[in-house]
Amino acid sequence: MSTERRPSIAERRSSTTTNTRPQFDSHLSTTNETIYNDGGNQQHGQGQGQFSTSRRPSVVPHLAGLEKPLPESIPEQCDVVIAGTGLVESILAAALAWQGSNVLHIDSNDHYGDNTATLTIDQIKNWVVKVNKNEIIGFKNALLYIPSGNELFKSKDFGLDLTPKILFAKSDLLSLLIKSRVYKYLEFLPLSSFHFFENDNFEKMSNTKQDIFTNQSLSLLTKRSLMKFIKFAIDWENQPQIWESYKKKPMEIFLNEQFKLEKPQIWELIFSIGLCNNLKINTPEALLRIKRYLISFDVYGNFPVMYSKYGGAGEISQGFCRSAAVAGTTYKLNTKLESFDPKNKIAKFSDNSRIRVNEQIILSPSQAPNNAQNIPKQEYEIQRLTVIVKKTCKEWFENGESASIVVFPSGSLSTNNSEAVQALIMSEETGITAPDTCVWYLSTTEKGLKGRHDLENALKKMENSILRESSDLNNEDELFDNGTGILNSVKLGQSFKDFVPKEKIQYLLKLYYIQKTSIPHADVVKPSIYKKNLDNNNNTSTENKDAPDNGVIYSTLPSSEISYDGIITAAKILYEKIVGSDDDFFDVDFEDDDENDENNGINNKNNDELAFDDDISETVEFADDMEL
Amino acid sequence: MHNVKRQHLSEQVKKQRQLKDANKIKSYKALQSQVLQLKNEQQYNAETFKLSTDLLYLNPEFYTIWNYRRDIISNYYQKQLSKEELIEFFNKELGFIMMKLKEYPKVYWIWNHRVWILENHPQVDWEFELGIVSKLLTMDSRNFHGWHYRRFIISKLETSTGESLALREFDYTTEKINKDFSNFSAWHNRTKLIPILLNSKPTTRFESSLGFLKEELGYLKNAMYTDPQDQSVWIYLRWLLTSDIFIKTLDKDTYIGILEDELKNVKELNELETEDNGVENNWCLKTIVTIEGLLDKTKNETKFTDEIEKSLIRLKDIDPLRKNRYTYLSENYFK
Amino acid sequence: MSNKQITPVKLVLLGEAAVGKSSLVLRFVSNDFQENKEPTIGAAFLTQRCIIGDKTIKFEIWDTAGQERFASLAPMYYRNAQAALVVYDITKPASFIKARHWIKELHEQASKDIIIALVGNKLDVVEEDESNRKVAYEEGETLANEEGLIFLETSAKTSFNVKEVFMNIGQKIPNPENVTASGEQGRNDARVDLNVNNDSVENNGCNC
């Protein structure tokens with residue numbers, strides 16, 4: 001084996017950018033070594049593409065590897081080892097692979113997704129056992145309840161996310177999904193129902209101009225203030241004069257003082273639209289969160305949010321892993337890192353194989369070797385309660401949709417919660433649960449026993465609500481035959497304080513656990529936090545003598561955030577750490593697919609802006625002498 | 001194992017695309033001069049028709065070619081084809097236009113061509129056409145061409161059935177306005193339908209023009225408060241306050257009462273706006289001037305002269321783009 | 001152009017390494033199988049359209065991308081696959097054993113009504129010298145009959161029977177149901193179409 005030093009990724013990067021030094025000599029000699037065993041490489045010729053201009057610069061998928069037998073053992077060396085197939089790590093693997101790095105991507109589990117996995121019931125059972133044996137860093141105190149009598153259901157009918165998430169239509173992850181073409185592996189469904197719970201009622205929000213204009217219950221002044229705020233929020237960064245003095249003050253105060261909004265609207269904005277955890281959130285952070293909702297409307301349709309079918313982060317990470325594999329990454333599940341020697345850069349694995357790591361080894365804390373010494377502290381907690389109910393819950397969905405969000409703001413529960421409880425409701429059409437059942441994902445950032453009580457109380461409220469709404473009118477007749485006269489009010493948004501459910505909700509599964517993270521709850525959408533985290537966590541790494549995880553870079557565990565915000569940032573920061581810059585993060589120009597010549601129906605979204613100009617020609621006629 | 005460098009392709013790709021584009025432009029130019037030549041020679045046949053299709057594929061905004069295409073149709077196909085053949089030919093042409101409209105819903109010439117084809121088509125399915133334009137307006141509710149075309153289809157439908165569709169169309173505008181009231185075209189369509197409805201009185205809502213006007217002003221007030229910057233709302237308000245359909249049917253005192261109410265209303269909103277933004281809302285102010293002018297004119301007074309003059313001076317400040325317009329107005333107003 | 005509905009069909013490739021899975025597919029997508037239709041090479045998968053009878057099928061061909069190497073194929077690979085190509089090499093008995101394994105795997109992982117084609121490749125090698133044949137035609141045929149699979153022996157090299165494999169699969173694909181008057185397929189109505197290129201739509205996408 002050649003001992004000649006390969007140029008580092010950063011060096012190769014700069015050489016390809018400036019395109020001056022024939023740095024590729026050494027690079028190519030490495031390629032030809034037998035350990036790479038990839039004859040197909042030459043066939044596609046992009047390795048030398050730097051110097052040949054005649055070749056069509058197309059991106060050719062990994063078909064070449066199939067032409068020749070792949071060795072049954074892992075390569076002798078690689079540029080980067082990534083342990084853990086969570087979403088951040090999977091995006092990183094794909095980005096590095098398309099940049100040209102050799103990546104070995106492993107996971108100690110027998111499935112993809114790691115700490116962001118989508119699991120079947122059987123996998124959940126195993127996972128709970130492992131969590132309670134403290135074998136999984138990042139989760140603790142798991143409780144699982146599966147009543148008997150549901151043998152008709154198959155484990156594989158379900159796919160529960162450990163970290164359920166929703167995708168804003170205008171977000172960095174969505175752009176990357178499109179750019180990387182990973183979206184082609186996935187299906188996305190719309191979500192527009194955001195309910196929030198107040199005074200024992202589920203309220204539907206008014207958050208679009210249409211809602212505000214047509215909502216009879218809002219006063220004219222409220223309509224005006226709300227619209228004014230919404231217009232401001234879309235461009236808030238450019239109007240510091242309005243919010244600067246509230247930089248360190250809670251959003252609640254800002255909305256009240258600057259926009260004269262009152263409690264119902266303030267809470268709706270903070271908890272439902274902003275999906276904030278509590279009222280302490282500072283003005284700029286809350287504005288950031290509200291804006292992402294507002295700008296996501298009407299990007300793909302009349303909804304701000306989507307989710308991937310068959311599972312969230314677990315499904316998307318599989319997509320990025322496939323993309324990484326197409327670009328040449330080697331995948332090996334059931335493989336755990338045993339140790340890493342930072343001196344000779346050799347990583348050893350649980351199956352006794354080893355590999356020389358030319359650049360870096362990235363490790364998810366959940367994949368840390370036994371006796372690891374440098375695992376970053378995970379000081380923040382998210383409590384989760386996931387249940388599967390025998391109910392379709394269609395009363396909670398907008399027409400044609402299959403999921404919704406319910407938020408319980410601070411103080412709305414009988415437990416007088418100070419942190420919000422967020423619930424994501426997903427029906428069978430989302431592909432994660434059996435027919436006529438529904439998954440409710442509840443979570444809170446409240447700590448300790450109180451958090452658990454909050455979750456249970458919120459569950460109770462949801463239970464009552466769905467029982468009430470799904471019971472038919474004839475039954476209601478009997479129930480309310482006491483002169484209360486709310487016969488026709490079996491609608492969402494009506495109080496169900498007095499409602500006595502006559503049926504009980506049936507659970508197929510109840511799962512409670514605590515998730516840990518190093519990412520502070522409120523800051524999640526701010527990129528800087530990830531960088532800070534990485535720096536804090538990794539400068540101690542060489543101090544513990546003989547630790548099996550010296551010299552590795554730890555990635556961050558998933559945050560409490562219900563959206564995918566922060567994921568790309570976290571992946572980019574790791575990428576930058578390895579490559580030297582994130583300039584060429586997924587800088588790949590894929591050939592356009594043939595979708596263009598398919599008729600996608602009338603599509604004139606791109607022309608929207610012109611509408612106004614055109615209309616003006618008519619205004620002349622219509623406005624006539626009215627124009628001053 | 002796959003040390004295939006795939007990044008930094010953008011430069012190469014760009015060059016190739018430029019080359020491709022250059023070739024495209026060249027062949028387009030050749031085609032263009034060929035077709036124009038044939039047009040001058042008044043060549044009307046299947047061959048030239050095909051060439052016009054090719055050219056319009058590349059450039060649907062080339063109205064000369066649409067004109068030429070119609071010349072070919074009337075001088076060749078309409079003379080050559082039997083009625084059945086002609087129906088088939090026109091249907092095919094409608095398909096071609098639809099394809100272009102999907103791509104370019106804002107090109108006037110395509111809409112224009114569609115109208116011409118329908119006028120000449122021996123057998124049109126107007127309901128189908130209405131379905132098409134409804135779908136288009138669902139995708140883009142503010143497309144002026146779409147609304148224009150809709151009115152054309154509606155008038156054809158009304159002629160063929162002898163029944164008025166005004167009420168249905170009025171409800172349609174309400175639906176569109178509820179979805180997004182920043183829609184000149186929808187409000188405009190309303191101004192065309194209201195006089196018809198107030199004359200024919202299809203429902204109690206249109207029994208009295210006063211009742212209707214009050215209801216409409218309440219509806220509009222919602223919109224004004226929701227978005228005081230939206231000009232389509234203000235322009236519609238002015239139409240309501242100045243349209244003959246109301247002025248001529250209301251007695252003078254009632255009309256003055258309406259104007260005074262609106263003046264108060266807009267002034268209140270303007271005060272709120274000033275309080276919040278530190279500056280008056282120019283649409284409010286312009287409307288105030290208009291209403292005050294209307295009041296003076298109706299009452300034959302000059303009560304508001306001073307105030308209007310002051311307002312116009314302030315408008316010059318807050319709306320400097322139209323400074324000269326305001327100057328002109330104040331000079332002429334007081335002549 | 002016809003108004004016909006294009007039926008997308010996800011097809012997954014399975015088989016031991018070096019049996020010629022990719023050669024078969026490349027032969028299929030690049031052959032003058034369908035005039036003036038260049039194969040689309042994207043990052044996601046290969047696509048090839050073909051007209052079979054009165055329907056147009058767009059094959060979306062997923063290769064394993066090497067993820068089968070350490071038995072690391074993701075559930076996503078099998079999800080909603082409507083067709084699978086299980087390929088073995090008729091000169092290599094071990095590859096036939098592996099093919100059985102993949103068929104079993106498909107029964108476990110993929111949807112019940114997946115259409116599976118069993119393909120014995122490298123017929124050209126056998127035609128050169130009959131003694132190269134290590135898997136009898138009957139063996140493949142018997143397996144296919146037992147499992148209800150399409151069966152063909154092919155040569156990716158000479159392209160013998162290659163298009164027939166895909167034609168046979170295409171014929172078995174049911175006609176798209178629920179075609180509404182507007183030509184839209186009922187089944188996927190709820191799906192968000194990310195193919196509509198919204199990259200150019202700037203932040204003005206809000207409702208205000």
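Visitor: In what order do the 8 strands of the open sheet in chain A stand?
Guide: This is a predicted model, in which local features need pLDDT of at least 70, side-chain atom pairs count only at pLDDT 80 or more, and totals for chains, interfaces and linings use all residues. Residues are numbered from 1 along each chain as its sequence is written, while chains are lettered from A and ligands numbered from 1 in the order in which they are written. Strands (E, at least two residues) and helices (H or I, at least four) are DSSP runs numbered from the N terminus, and two strands pair if DSSP finds at least two bridges between them. With mixed pairing, the order in chain A is 4-19-15-18-17-16-8-9.

Visitor: Why is one side of strand 4 and of strand 9 of chain A left without a neighbour in the sheet?
Guide: Strand 4 (139-145) and strand 9 (201-204) of chain A each have a single partner strand, so one side of each lacks a neighbour because both stand at the edges.

Visitor: Which residue in strand 9 of chain A is the bridge partner of Glu198(A)?
Guide: Strand 8 (residues 194-198) and strand 9 of chain A pair in the antiparallel sense over 4 bridges. Within strand 9 of chain A, the partner of Glu198(A) is Asn201(A).

Visitor: What angle does helix 11 of chain A make with strand 8 of chain A?
Guide: Helix 11 (residues 263-273) of chain A packs on the sheet, touching strand 8 and strand 16 (403-408) of chain A; contact requires C-beta atoms, placed from the backbone, within 7 Å. With axes fitted as lines to C-alpha atoms, for helices over the stretch in contact, and angles running from 0 to 180 degrees between N-to-C directions, the value is about 125°.

Conventions: Two residues are in contact if their C-beta atoms, placed from the backbone, lie within 7 Å.
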